[in-house]
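The following exercises ask the student to read a protein structure step by step.

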Amino acid sequence: MSNLEELSKLADTAETKIKNLETIIDGLKSEQENFVNYKKTLIAQLKHLKKTMRKDQKEADTVVAEYEALKKENAELKEANAKLNYRVNHLVRNTFTTEDVHPEAMVIPEDFQFVKK
């Protein structure tokens with residue numbers, strides 16, 4: 001085999017290898033584009049999640065604040081109720097134990113119940 005033939009075969013082999021490398025490079029470029037697009041999608045999803053989390057946190061803070069306000073109002077109502085119960089019980093006892101009240105008025109009806117604290 002002559003040098004010319006060997007050089008021709010080497011040139012063909014080199015050309016084939018170059019084409020293979022170009023194909024590989026094109027595949028890598030495509031993969032890189034896919035990766036960039038995937039990265040952009042992930043970033044958009046993360047931004048959406050952060051926004052949703054902030055919104056949920058604001059709602060949770062609002063619910064906690066409303067709960068605390070209702071808890072405070074409930075405590076105030078319980079205190080007012082206790083004071084009213086004490087006053088009603090005191091008035092009922094005084095009404096039924098006063099000597100200047102007619103004897104029939106001193107009878108406590110069977111269905112009457114004192115309010116318990």
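## Exercise 1: A salt bridge and its exposure

Lys 83 is exposed, with a relative accessible area of 55%. The model is predicted: local features need pLDDT of at least 70, side-chain atom pairs count only at pLDDT 80 or more, and totals for chains, interfaces and linings use all residues. Residues are numbered from 1 along each chain as its sequence is written, and side-chain values use heavy atoms, with hydrogens and water left out.

**Task.** State which residue forms a salt bridge with Lys 83, and how far apart the closest N and O atoms are.

**Solution.** Step 1: recall that a salt bridge is a side-chain nitrogen of Lys or Arg within 4 Å of a carboxyl oxygen of Asp or Glu. Step 2: the partner of Lys 83 is Glu 79, and their closest N and O atoms are 3.4 Å apart. Step 3: the two residues lie 4 residues apart in helix H1, so about one helical turn separates Glu 79 from Lys 83. Step 4: Glu 79 has a relative accessible area of 48% and is therefore partly exposed (buried means under 20%, exposed over 50%, partly exposed in between, with a 1.4 Å probe and protein chains only).

## Exercise 2: The other pair

**Task.** Determine how many salt bridges the whole structure holds, and describe the one formed by Glu 15.

**Solution.** Step 1: a search of the whole structure finds 2 salt bridges. Step 2: Glu 15 pairs with Lys 19, with 3.6 Å between the closest N and O atoms. Step 3: because Glu 15 and Lys 19 are 4 residues apart in helix H1, about one helical turn separates them. Step 4: Glu 15 is partly exposed at 44% relative accessible area, and Lys 19 is partly exposed at 48%.

## Exercise 3: The chain as a whole

**Task.** Give the number of helices and strands in the protein chain, and the share of buried residues.

**Solution.** Step 1: the chain has 1 helix and 0 strands (DSSP runs, numbered from the N terminus: helices are H or I with at least four residues, strands E with at least two). Step 2: helix H1 covers residues 3-97, and Ile 25 is found in it. Step 3: of the 117 residues in the protein chain, 3% are buried. Step 4: Ile 25 has 43% relative accessibility and therefore counts as partly exposed.
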